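Here are my notes on the model you passed along.

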Amino acid sequence: MTLATHILIAGAVTKPFLGQVNNLTIFGISVFSHYLSDAIPHYDYKLLSIEWKEGQKYNSKITPNAKLIIADLLNISIDIAIGIAFLVLLTRPEANLSNLITYSLIIFGAILPDALQPIFIMWKKSPMNLIQTFHDFWHAKLRLQFNRTAMISQGALFFIAGAINYFY
C-alpha cells in the first residue's frame, strides 16, 4: 500500500478522536491504522535498493548502490508528500503549533511500520524481529501484482479515506 494511502487512512481513523484524546493516543491509533489497512489485499511497490526474498525475510538485504537508494528515497518522499498534501487539503487544519504536532504524529504513525523495514533488514535482532513478525501477521497474505485491479483497489482506498477526511 502506498504511504500516501496509509496517511489518508490514519487521518480518517484519527479524525473522530482529535481534541478528545492526547497526542500519544492519536499516534498509537495512527500506527495501528497502518496494521489494519495492511490487512486489506493490496499492491506494494518495490524498493529498488532492497532485495526481498519471498518466504525468506531473514535473507533480504539492502543493495549498497547510491543511485538505487537515492531513487528509492525520492519515490518515498514523493509518496509521503502526496499523502501530506491531500491530508492537509482535505482536512483544512487550523495553522497552529498544536495542529502541526498532532498532524505530524498522525503522519509519522501512519508510515512508521514501513519505515522500520530497512532497519529490520540491517538488524534482525530483537526487538526488530518481533516488530517485523507483528507487521507480517497483520499484512494481507494475498499480495496484488501491479495491474488494473491493484490500481483500482489502491485508488478506491485513497478516495474513500480522502472522502472521510473531507466530509467527516
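Predicted model: local features only at pLDDT ≥ 70, side-chain atom pairs only at ≥ 80, totals over all residues.

Leaving aside its neighbours within four places in sequence, which residues is I111 in contact with?

1. The partners of I111 are L3, I7 and I80, where contact means heavy atoms within 4.5 Å. Residues are numbered from 1 along each chain as its sequence is written, and side-chain values use heavy atoms, with hydrogens and water left out.

2. Next, the largest nonpolar core. It has 19 residues, and I7, L8, I80, L87, I106 and I111 touch the most other members. A core here is a set of buried Ala, Val, Leu, Ile, Met, Phe, Trp, Tyr and Cys residues joined through side-chain atoms within 4.5 Å; buried means under 20% relative accessible area, exposed over 50%, and partly exposed in between, using a 1.4 Å probe and protein chains only. Two or more residues each come from α1, α3 (66-91), α4 and α7 (148-167), and α1 gives the largest share, 6 residues. Helices are DSSP runs (H or I, at least four residues) numbered from the N terminus. There is also a second, separate core of 9 residues, with I50, L116, F120 and M128 among them.

3. How do α1 and α4 cross? The axes of α1 (residues 3-14) and α4 (residues 97-115) come within 8 Å and cross at roughly 130°. Those axes are lines fitted to C-alpha atoms over the stretch in contact, with angles running from 0 to 180 degrees between N-to-C directions. The two helices are therefore oblique to each other; under 35 degrees counts as roughly parallel, over 145 as roughly antiparallel, 65 to 115 as roughly perpendicular, and the rest as oblique. The crossing is right-handed, meaning the near helix is turned clockwise from the far one by less than a right angle, with anticlockwise being left-handed.

4. Who meets whom there? From α1 you have L3, H6, I7, A10, G11 and T14, and from α4 I106, I107, A110, I111 and D114. That contact divides into 7 nonpolar, 3 polar and 1 charged. For the classes, Ala, Val, Leu, Ile, Met, Phe, Trp, Tyr, Cys and Pro are nonpolar, Asp, Glu, Lys and Arg are charged, and the others, Gly among them, are polar.

5. Helix α1 also packs with α7: their axes come within 8 Å and cross at roughly 35°, in a left-handed crossing. On the α1 side, A4, T5, L8, I9, G11 and A12 meet Q154, L157, F158, A161, G162, I164 and N165 of α7. This contact has 8 nonpolar, 5 polar and no charged residues.

6. Have a look at S30 in α2 (residues 23-38). S30 counts as buried, at 0% relative accessibility. Not counting residues up to four places away in sequence, S30 touches A10, T14, L105, I106, G109 and A110.

7. Two loop spots to check. R92, between α3 and α4, has phi near 45°, a positive value in a residue other than glycine, and counts as exposed at 53% relative accessibility. P127 is in the loop between α5 (117-122) and α6 (128-138), and the peptide bond from S126 to P127 is cis, with omega near 10°.
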